[in-house]
Amino acid sequence: MGVAIRTAGEDDRDLVVRLLDEAFQDDPVSGWVFPGAEYRHATHHRLMAAFTDATLADGRVDLVEDGSACALWLSVPAEDPGHGGAAEGEDEFAELRRAVDADNERVELIGRLTAGIHPQSRAHEYLWMIGVAPGRQGEGLGTALIGSALDRCDREGRAAYLEASSERSAVLYRRLGFEHLGEPLRLPDGPLMYPMWREPRTGNSPS
């Protein structure tokens, strides 16, 4: 499937935020952070905006040319406190909560919990989020987006990491070479998240 992919810039910011907001409305983790459809529709976009801004500043957003799907990637160096590890005297998780939804402790908690399981021993590419427009899901756009980035990982000999937000998505990532990394993370009174790791493939590895 030929899918045109480019790197998003600041001019694409609103498009990416809207795309992620729509794509994750029915996601189990988003539903846990923002319980209730009305509340989620009113508030969820603020968290997607925070994630988008952080990635545009420090990472890379891959965007399907027609705006139907996007992926947020961060390059994480070895021994980085990473995934939001704050410097001494700072607390970016609390700051995120204040910026997104000050009364919702789960906005802060999801960052702390996922940071706590994020591997630190090796440099890697971190797939923070990938979203496909609801009307375009099932067309292979997500696979094409991830595959393009994983090809770069393979060429550069870099590992990749993600947290799958459902068993269904974990199955897809396994097909792309990711393996489960330790036990799933159970959110308090909520769904499981599945940390997954992918070693770079050599030229002799199966595709």
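This is a predicted model: local features need pLDDT of at least 70, side-chain atom pairs count only at pLDDT 80 or more; totals for chains, interfaces and linings use all residues.
**Overall picture**

Let us start with the whole chain. The protein is built from seven helices and eight strands. Its C-alpha trace spans about 50 × 40 × 30 Å along the principal axes. A compact globule of 207 residues would have a radius of gyration near 17 Å, and the 16 Å of the protein agrees with that. Of the 207 residues, 47% count as buried.

| Helix pair | Residues | Axes come within | Crossing angle |
|---|---|---|---|
| α1 and α3 | 13–23 and 37–58 | 9 Å | roughly 130° |
| α4 and α5 | 92–100 and 105–117 | 8 Å | roughly 150° |

Take α1 and α3 to begin with, whose axes cross at roughly 130°. That angle makes α1 oblique to α3, and the crossing is right-handed. On the α1 side, the contact is made by Arg-13, Val-16, Val-17, Leu-20 and Asp-21. Helix α3 answers with His-44, His-45, Met-48, Ala-49, Thr-52, Asp-53 and Leu-56. By residue class, this contact divides into six nonpolar, three polar and three charged residues.

Now for α4 and α5. Since angles over 145 degrees count as roughly antiparallel, the crossing at roughly 150° means that α4 and α5 are roughly antiparallel to each other. Their crossing is right-handed. From α4, the residues Phe-93, Ala-94, Leu-96, Arg-97 and Val-100 take part, and they meet Glu-105, Val-107, Glu-108, Gly-111, Arg-112 and Ala-115 of α5. Here the contact residues divide into six nonpolar, one polar and four charged.

Is Trp-73 buried or exposed? Trp-73 sits in strand β3, which covers residues 69–76. With a relative accessible area of 1%, Trp-73 falls under the 20% cut-off and is therefore buried. Leaving out residues up to four places away in sequence, Trp-73 touches Thr-55, Gly-59, Arg-60, Asp-62, Glu-125, Tyr-126, Leu-127, Ala-149, Leu-150 and Ala-160. Ala-42 lies 31 residues from Trp-73 in sequence, with 26 Å between their C-alpha atoms.

Ile-5 belongs to strand β1, residues 5–7. Its relative accessible area is 29%, so Ile-5 is partly exposed. Beyond residues up to four places away in sequence, Ile-5 touches Asp-62, Leu-63, Val-64, Ala-144, Leu-145 and Ser-148. The C-alpha atoms of Ile-5 and Val-100 are separated by 29 Å, and the two residues are 95 apart along the chain. Val-100 is also one of the α4 residues that meet α5.

Where does Asp-189 lie? You will find Asp-189 in the loop between β7 (185–186) and β8 (192–198). At 80% relative accessibility, Asp-189 counts as exposed. The backbone of Asp-189 deserves a glance too: phi is positive, at about 55°, although the residue is not a glycine. Most residues other than glycine have a negative phi.

Notes
Residues are numbered from 1 along each chain as its sequence is written. Side-chain values use heavy atoms; hydrogens and water are left out. Axes are lines fitted to C-alpha atoms, for helices over the stretch in contact, and angles run from 0 to 180 degrees between N-to-C directions. Helices (H or I, at least four residues) and strands (E, at least two) are DSSP runs, numbered from the N terminus. Angles under 35 degrees count as roughly parallel, over 145 as roughly antiparallel, 65 to 115 as roughly perpendicular and the rest as oblique. A crossing is left-handed if the near helix is turned anticlockwise from the far one by less than a right angle, and right-handed if clockwise. Contact means heavy atoms within 4.5 Å. Ala, Val, Leu, Ile, Met, Phe, Trp, Tyr, Cys and Pro count as nonpolar, Asp, Glu, Lys and Arg as charged, and the others, Gly among them, as polar. The radius of gyration is taken over C-alpha atoms; the globule rule is 2.2 Å times the number of residues to the power 0.38. Buried means under 20% relative accessible area, exposed over 50%, partly exposed in between (1.4 Å probe, protein chains only).
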